[in-house]
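Please keep the sequence and the structure open beside this note. The points below can be read in order.

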Amino acid sequence: MPPDRTPLAILSFIIIFFFFFTIAATVTATSAAAAASASASTPYPKFPCKPPRFHAYPFCNTSLPAPARARSLVSLLTLREKIRLLSDNASAVPRLGIPAYEWWSESLHGIASNGPGVSFAGAVGSATTFPQVLLTAAAFNRTLWSAIASATATEGRAMYNVGQSGLTFWAPNINIFRDPRWGRGQETPGEDPMVASAFAIEFVKGFQGGSGGSEEDDGLMLSACCKHFTAYDLEKWHNFSRYSFDAVVTQQDLQDTFQPPFRSCIQQGKASCLMCAYTEVNGVPACAKQDLLQKTRVDWGFKGYITSDCDAVATIFEYQHFVKTREEAVADALKAGMDINCGSFLVRNTESAVEQGKVVEEDIDRALLNLFSVQLRLGIFDGDPRKGKFGKLGPKDVCKSEHRALALEAARQGIVLLKNEINFLPLREDVISSLAVIGPHASNISNMLGTYTGIPCRPKSLLEELQKYVQMAFHAAGCQNIPCNASGKFPEAILAAKKADYVIVVAGLDLTQEREDLDRVSLLLPGKQMDLVSSIAAASKNPIILVLTGGGPLDVSFAQNDPRIASILWIGYPGEAGGKALAEVIFGDVNPGGRLPVTWYTESFTKVPMNNMNMRADPSQGYPGRTYRFYIGDRVYGYGHGLSYTDFHYKFLSAPVKLSLLKSSRASPYRNRVLLDAEGFASLDIAEIEESCDSLKFRVQISVMNVGDMEGSHVVMLFSRAPRLIRGTPQKQLIGFDRVHTFPNGSIETSILVDPCDHFSVVNESGKRMLVEGGHVLMLGDLEHIVSVELN
């Protein structure tokens, strides 16, 4: 039986076994003899507190609390030494035995080479490249997300031990994929704030590997960084640039769309880093917006460091012209709560800011305490890392077979079947004698990886993997490249299509179309790709299969409506094992179960200005809104769309029909807090009833029946629709999801926890979250169940 047919329960066991096996191996302390042996043949990072000269400082004393050690270190530094530590490339302090440290490493979907903290020139020459985040999000599988983060962390720590990475990584990207043209939407978990929040929690917990103690003293395997705070989702569109764009956001949108992932990342994920964005938010640069940054510490309990995006402090002065001098930019950022600048702007301008009285040394000390506290939790000041609990990790733990298998499984689970007329897929390997694979994507491995990528372990192209199923599988590019500005290669592709029994056309996007600093202006296939697809469909003996790559949504209405195109698959950027996963899906070794984590709009959406940040629709202004929660226009595919090779039926097994917060209107302490609208309907500020929220929680028990003849995993998505008592109430919102594995003609039960204070509440125009009374509709596929909420 192929490994892809492993039931989800067995897969979960494998993932959990791998996770705990890894942790068990890493927490075993390295003996002094083994460390000495390793040092003879393997490079290792420079570290502070090295005996015999530098180990006696109080900040090296592991018996002291981390805050005390951090204060001791700050007290020993001169002003100039302090300033030179405010850059991602923190300078050495030789007199204290402290080596230089690079804060900037990247690990979005595997260890990446974008940041200067990572190098693949050494004992480790490659690292596991998992699917780009948007495709992994399409799996809707928390266990998978956590396992990927844990595997990436193992490889990161292993690379640190041989001097090829840092310990502080600037991932995940949890911005909302608000506009389909955004070049970096591929890096995110999609458009839903609840899913982005869930992904953030799983990634950070899996990546940091904390031991569960107090945050100040809790040891970290690595440090994760939630970015880009906040309302950042525009690169370069027409005359707008991320370096000067002012994101004008309503309080309602800020609190119910843009902020929830960051709040969850901090409160539940316990992230140790936050990155402030380039953009201005309501007229103030994010890295200089004190109320924004302080909210994370005061209201959300953040304990970590805040870094700027690279050169974001410089942009305050140079692009946004928010201040008149460089020194004012430094002062605004430090006093707002930023701790470190990616770049050299603070190193070059902080001393003069102090001399001018705009910055006091206490501002710098505060920043350094936050920075050192995280480094202490990482064990950087605990001596030789080879003697620490992660000291045994090394090159053998990078690109290991378990990690490569996990990359394959992630791609399998994320691939989305968008169309499958007459059950055209899966193809039968035994009846196909020839296969034509058309498109420049098919033979190019780099097109499978996406942004923020390192050097993959053992990548193979889509074409190579398809050839394992059909010996006579041949390739024709059809287009010179992905922009496809000419049709000169069409004849060769058409001839190949005519000769083959079956045809697969691989079309879509790559990084020439969408990336950091580049947004799209169209949702159509680039250049003449659409003409190529239609020409091949007309020439083929049988209906064709269209495979779409890339992160951004595409208007492929022409293909959805063309009977000559029987099946459409979206594979995003599927990572190093994406070719194998696609081949397995096409030939039926894997039953696709991914769901779209973004709405696929029609081309008409490009008339909507990308710089308009409003989420809610305004029909009076011809504004259709954004994302499935608010959009009222046409779409090609809706959020959560995804087909399978089998069919599923649902049943609600149990769910309450009524919830009452105010048991006795006379005695209730909330009696005077209930707000009544003009029609007498009630709502209640969630902040007023937090102590009662736990008592309102309930579980929805669900039965999922596989009524087809093929086993496979399935994503259960539970939505809710609130009474429209508050202006701007979402049309519906996802409140829970689970991925289950089913067998033919078999059923499985699952349950989803519902928190009415969160899932039944609506943010009003003032930015307050309100629980509203009335009938709240739970939606499961075509089924609906009403839960009545009583407040008075």
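1. Lining the second largest cavity are L108, H109, F130, P131, V133, T136, W145, I148, F199 and F203. A cavity, on a 1 Å grid over the protein atoms alone, is a set of points where a 1.4 Å probe fits but cannot get out, and lining residues have an atom within 4 Å of a point. This is a predicted model: local features need pLDDT of at least 70, side-chain atom pairs count only at pLDDT 80 or more, and totals for chains, interfaces and linings use all residues. Residues are numbered from 1 along each chain as its sequence is written, and side-chain values use heavy atoms, with hydrogens and water left out.

2. How much space lies in the second largest cavity? The volume is about 70 Å³, counted as the space filled by probe spheres set on the points, which are joined across faces, edges and corners. The structure holds three cavities of 30 Å³ or more.

3. At least two residues of the lining of the second largest cavity come from each of helix 5 (133-137), helix 6 (142-161) and helix 7 (193-208). Helices (H or I, at least four residues) and strands (E, at least two) are DSSP runs, numbered from the N terminus. The lining has eight nonpolar, two polar and no charged residues. Here Ala, Val, Leu, Ile, Met, Phe, Trp, Tyr, Cys and Pro count as nonpolar, Asp, Glu, Lys and Arg as charged, and the others, Gly among them, as polar.

4. The largest pocket contains about 1600 Å³ of space. A pocket is an open set of points with protein on both sides within 12 Å along at least five of seven lines. Its lining has 49 residues, and S264, Q268, D755, D758 and R769 are the closest to its centre. By class, 19 are nonpolar, 12 polar and 18 charged.

5. In the second largest pocket there is about 900 Å³ of space. Of its 35 lining residues, R595, G642, L643, F648 and H714 lie nearest the centre. Strand 24 gives the most to this lining, with five residues. The lining divides into 15 nonpolar, 14 polar and six charged residues.

6. Helix 17 (residues 490-499) has F490, A493, A496 and A497 as its buried residues. Seen down the helix axis, these fall within an arc of 130°, so they line one face of helix 17; the arc is that of the directions from the axis to the C-beta atoms. P491 and K499, on the other side, are exposed. Buried means under 20% relative accessible area and exposed over 50%, with partly exposed in between (1.4 Å probe, protein chains only).
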